[in-house]
Amino acid sequence: MANQSSLPLYEKISLKNNLKRAWEIVIFFLLLSLLFYRFSTLNNNGIAWLVAFLCEMWFAFIWTLTINIKWNPVKYKTFPQHLSHWYAELPPVDMFVTTADPVLEPPIITMNTVLSLLAVDYPAYKLACYVSDDGCSPFTFYSLVETSKFAELWVPFCKKFRIQVRAPFKYFVGEPIFSGDNSLEFQKEWNKMKDEYEGLCEKIERASRNSTPLQSDMTGDFAVFSNVIRENKEGLSDGMPHIVYISREKRPKHPHHFKAGAMNVLTRVSGVMTNAPFMLNVDCDMFVNNPQVALHAMCLLLGCKYERDSAFVMFPQKFYDGLKDDPFGNQLVVLHEWVGHGIVGIQGPLYGGTNCFHRRKVIYGLSADEIEFEGKLASNTEELPEKELHRTFGSSVEFTRSTALILFRSKGYNDFRCNLSGSIEAALRVADCRYEYNTNWGTKVGWIYGSATEDVMTGLGIHSRGLVSAYSSPDPPAFLGCTPPGGPASLTQQKRWATGLLEILFSKMSPVINCIKGKLQFRMCLAYLWIMLWGIRSIPELCYAALPAFCLITNSNFLPQTEDPALLIPLLLFVVYSLYTLSEYIQLGLSMKAWRNNERMVRIKSVTAWLFGTLSVALKILGLSDTVFEITKKDSSGESEDSDVGKFTFDESPLFIPATTIVLVHMIALVIRFSGLHPPKEGLGGSGLGEIICSIYAVLCFMPFARGLFGKGKYGLPSSTIFKSAALALFLFQWCLWSSGV
């Protein structure tokens, strides 16, 4: 298609970065200067000096990886309007929505995501929406059946009046918004649609309160739509996309591999039903905010000269319910802007598990070389290596044939035909829990197993085959989702990420191994290391956070004395780094408070979630326990009216013990220092103003835990956490005294 049109579908733009590079180099040389000073004075100082030196070596290494990522940022500008002449020739797209727990992921959230997908600006007969319900919930199935009925009204309404936000829960929040004339017809239709949506919400809410399995409401629909909820048999471009419900088979003695397993079942079921050459996957809470999202993706997938240069297209995760000033540091705005665009300039963005358009042939395992020459692999389906396909993809004849069409197709996209109702039996076979045995699923084909972050591992496998990914960040944002509420949910998500990333680092899929043996670029290997080392960063972060307290208790120092000119090095380093990170927030229109909150949350996450993620992987490597996939709670309430919504909340989780211990140790250390109970200094120096300031700064970083010591309800630390932390703090205090010989 790109060759048929003289108009470009996208433009790749290198962003100017000279000033940021200068800042980064200055920080790097300040780190080197500090390390040189530490090393040259090791013999004249104690254990605290050595620990500081080792931690700062780690920080310098991480900063080197950071410079590598941010060095040459790139962005893509897409031109979806240039596809208007080829609208009828656009390729089919299979859209996947995954949900696993109707309690943690309320169906009303999932249904809004489904509705937004069904209403995208794209030929309806070329779209199929597959909803994977890993919780096998009759409630979710019932919600989808009712949603499909409402969609027959909602989709035409959105397209007729060119509605921008096509998730009804978000659209109906305010006054009617119309893209054209605010006509009487529109007002009438708007009121009718709002009433219909409120009726849908009421049905779903009533079903959630009903303890019965909903047989009375579902009997008729279930008999007709046991798998296929809606099918566009007429092939109407302005009709309804196909809707398919999937709840895969699970058995106790058969591993189901969590989300990765669900994604592979979706891939196979869609392969025998619709077999679209492109697939979109979204989490249940990520609704379409830009109705032209599929066209933006096609600009990159169809507009590139070589298919290997756009193996998949990632859209950033952005959020509709983000709190002002990001108090929990989970909106990831700065990460997506500076780190995201930086990685795009190397080998393309990492696969983030949602908001991603995939080439089906890439998911099937083709490498960069094979993807450009698949037309030469076989001239027709009779010459296909059928035994090899069965060994790789499984024993289903129907799926093998569909695979062959994807891998060896040399025709256009209009040769794809589907018969959903007639494919149910084949779909059930490929969804069987034993289907993947003795195949390459989960190892070389599909989503890769072995990590709680199956998305990053799968993307790493794609990059390791020499392929490049693309990144699109249109305005308005393509997708919007909900942020994890409060402290526990946010830290649980961070723990899962740290655990999964470390699992990859210590597996056969490690980026180091793929850089040496595969086709992963060296700089991309460093980029993967930067994110996979999140967990291990917790150890030097924890040690460095505890150093000021150790020095105050033992009357030792880890900073140069106030009369030593070398004190300027760490002081300048702190100031320059703070100004550098602050500038990243200011350039994006964010506040100084947002910067402070995010800097604080990095400290908190490192000694809580990332630390426990590291411990989980260590126990797994030692064979003492296995890691667990923890689902992040989704909040269906939208914006909260709670005046304390930005306050940190706590529960009985052990995640909060390390940070609480750090706060208590620093409080003990400051009391000892100001009361004069510290031991006399030995040697050249003892603790001074620098250590006192650093200790106070540490308490400020962990202020939510300091407040939690005196808070009540969910805003207060549980008594069990306080007792455990106090015992650990007293133990560390005694250890400090013992180590200093007191």
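Predicted model: local features only at pLDDT ≥ 70, side-chain atom pairs only at ≥ 80, totals over all residues.
Residues are numbered from 1 along each chain as its sequence is written, and side-chain values use heavy atoms, with hydrogens and water left out.

**Exercise 1. The binding site**

Task: Find the residues that UniProt lists for "binding site" and describe the surroundings of E105.

Step 1. Start with the record: the unreviewed UniProt entry gives E105 and D134. Such positions follow the numbering used here, feature names are shortened, and annotations may be inferred rather than shown by experiment.

Step 2. These residues span 30 residues in sequence, yet no two of their C-alpha atoms are more than 11.3 Å apart, so they gather at one spot.

Step 3. Now locate E105: look in the loop between β3 (93-99) and α3 (107-118). Helices (H or I, at least four residues) and strands (E, at least two) are DSSP runs, numbered from the N terminus.

Step 4. With a relative accessible area of 8%, E105 is buried (buried is under 20%, exposed over 50%, partly exposed in between, with a 1.4 Å probe and protein chains only).

Step 5. Leaving aside neighbours within four places in sequence, E105 has contacts (heavy atoms within 4.5 Å) that include T99, C284 and K634. A polar atom of the E105 side chain lies 2.8 Å from the backbone nitrogen of A100.

**Exercise 2. The active site**

Task: Which residues does UniProt list for "active site", and is D455 buried or exposed?

Step 1. The unreviewed entry names D134 and D455.

Step 2. D134 sits in the loop between β4 (127-133) and α4 (138-160), and is buried at 13% relative accessible area.

Step 3. D455 belongs to helix α16 (residues 454-463). Its relative accessibility is 12%, and D455 counts as buried.

**Exercise 3. Two packed helices**

Task: Describe how helix α2 packs with helix α20.

Step 1. Helix α2 (residues 47-70) and helix α20 (residues 538-554) meet at an angle of about 150°, and their axes are 10 Å apart. Axes are lines fitted to C-alpha atoms, for helices over the stretch in contact, and angles run from 0 to 180 degrees between N-to-C directions.

Step 2. α2 and α20 are therefore roughly antiparallel to each other (under 35 degrees is roughly parallel, over 145 roughly antiparallel, 65 to 115 roughly perpendicular, and the rest oblique).

Step 3. Among the residues that meet are W58 and F59 in α2, and Y544 and F550 in α20.

Terms used: Polar contact = N/O pair within 3.5 Å; in protein donor to acceptor, adjacent residues only side chain to side chain.
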